[in-house]
Amino acid sequence: MRAQFLIPVGVIALALGLSSVYTVDEREKALVLQFGEVKTVRTEPGLGFKIPLIQQVVKYDDRILSLMTQPLEVTPLDDRRLVVDAFARWRITNPVKFREAVSTGGESFAKSRLDGILNNAIREVMGSVPSTAVLSDDRTPLMNQIRDIARREAAALGVDVIDVRLTRTDLPDQNLAATYARMRAEREREAADERARGGEAAQRVRAAADRTVIELTSEARKQSEIIRGEADAERNAIYAEAYGKDPSFFAFTRSLQFYAESLKPGTSSLVTEPSSLYFDYDRFVKSLGPIEAVPTGETPAPAAGQ
């Protein structure tokens with residue numbers, strides 16, 4: 001009988017002894033609660049003791065946690081609507097205050113509260129700057145402002161907002177088409193301006209080239225006429241000197257020139273008598289009259305009436 005009584009008592013005592021011991025991991029913080037009131041705060045890892053059945057242990061993650069906000073539409077100073085979402089890093093720094101703020105909701109309830117705090121901070125900061133500052137490459141000052149505002153608000157929850165990063169800043173879908181159309185129109189206008197300036201420059205180059213061609217051609221023609229005139233004058237002087245030395249040779253060459261000019265192949269026809277002046281060289285030469293220098297390009301002709 002006595003043994004039968006001792007066994008249940010021993011089991012109950014063992015169960016109570018085990019339930020009075022708890023462990024705290026190095027990644028956790030623990031609160032010992034008695035009827036909902038915080039009795040002990042454990043931030044160091046190791047074994048701890050509590051009163052069985054009366055006290056309970058609540059543990060919270062002591063690591064850096066992450067939070068991704070939902071896309072949020074904001075309106076900067078220039079009334080250009082933007083879609084923004086952010087990524088935050090946070091940590092529980094005061095487990096007692098955290099327990100008072102979230103009660104039994106735990107980390108999920110704290111995340112919903114932090115999401116609202118971040119959204120309010122994003123609206124406040126983004127509404128105070130133009131959209132160009134939001135869409136620029138260097139948004140670190142804006143993110144630091146959002147972090148500082150969120151950190152002040154989140155202190156009441158017993159958490160610390162370590163960092164906030166803007167992961168996306170885009171235009172709403174309904175504005176993208178209009179924005180792309182405006183960008184396309186601007187690029188087409190710039191291209192048209194470039195083509196117009198290129199056409200104007202090409203026209204100037206062509207006009208200068210045409211003017212240069214005309215000037216060079218005119219100058220070359222002028223020089224050729226001068227050279228040709230000088231050559232003709234020199235040739236006439238040589239002919240005059242030669243004809244003056246031998247009048248009979250001059251008469252002979254004049255007759256040959258006349259025959260060559262009057263009987264061109266395919267263009268001349270001659271109807272005359274065999275006894276005509278044309279076939280009598282001596283009479284023909286006498287009919288030419290006094291010997292004179294013949295200008296260039298002219299052909300001597302017989303005397304009038306022959």
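1. Strand E2 (residues 28–34) pairs with E3 in the antiparallel sense over 5 bridges; two strands count as paired if DSSP finds at least two bridges between them. Within this pairing, Val-32 stands opposite Thr-40 in E3. Helices (H or I, at least four residues) and strands (E, at least two) are DSSP runs, numbered from the N terminus.

2. This is a predicted model, in which local features need pLDDT of at least 70 and side-chain atom pairs count only at pLDDT 80 or more, whereas totals for chains, interfaces and linings use all residues. Residues are numbered from 1 along each chain as its sequence is written, and side-chain values use heavy atoms, with hydrogens and water left out.

3. The strands E3-E2-E5, in that order, form an open sheet of 3 strands with antiparallel pairing. Strand E3 (37–42) and strand E5 (55–61) are the edge strands, each pairing on one side only. From one strand to the next, the twist averages 25°. Helix H2 (residues 95–102) lies across E2, E3 and E5 and runs at about 65° to E2. Axes are lines fitted to C-alpha atoms, for helices over the stretch in contact, and angles run from 0 to 180 degrees between N-to-C directions.

4. Lys-29 is found in strand E2. Lys-29 counts as buried because its relative accessibility is 11% (buried means under 20% relative accessible area, exposed over 50%, partly exposed in between, with a 1.4 Å probe and protein chains only). The side chains of Lys-29 and Asp-62 are joined by a polar contact of 3.2 Å (a pair of N or O atoms within 3.5 Å; within protein, one must be able to donate a hydrogen and the other to accept it, and residues adjacent in sequence count only if both atoms are side-chain atoms). A polar atom of the Lys-29 side chain also lies 3.0 Å from the backbone oxygen of Ile-92.

5. The largest nonpolar core has 38 residues, and those touching the most other members are Trp-90, Phe-98, Leu-114, Ile-122, Met-126, Ile-146 and Val-159. Helix H3 (residues 106–126) gives the most to this core, with 8 residues. Such a core is a set of buried Ala, Val, Leu, Ile, Met, Phe, Trp, Tyr and Cys residues joined through side-chain atoms within 4.5 Å.

6. Leaving aside neighbours within four places in sequence, Leu-114 is in contact (heavy atoms within 4.5 Å) with Leu-67, Trp-90, Ala-154, Leu-157, Val-159 and Val-161.

7. Ser-103 is found in the loop between H2 and H3. Its phi is near 55°, a positive value in a residue other than glycine.
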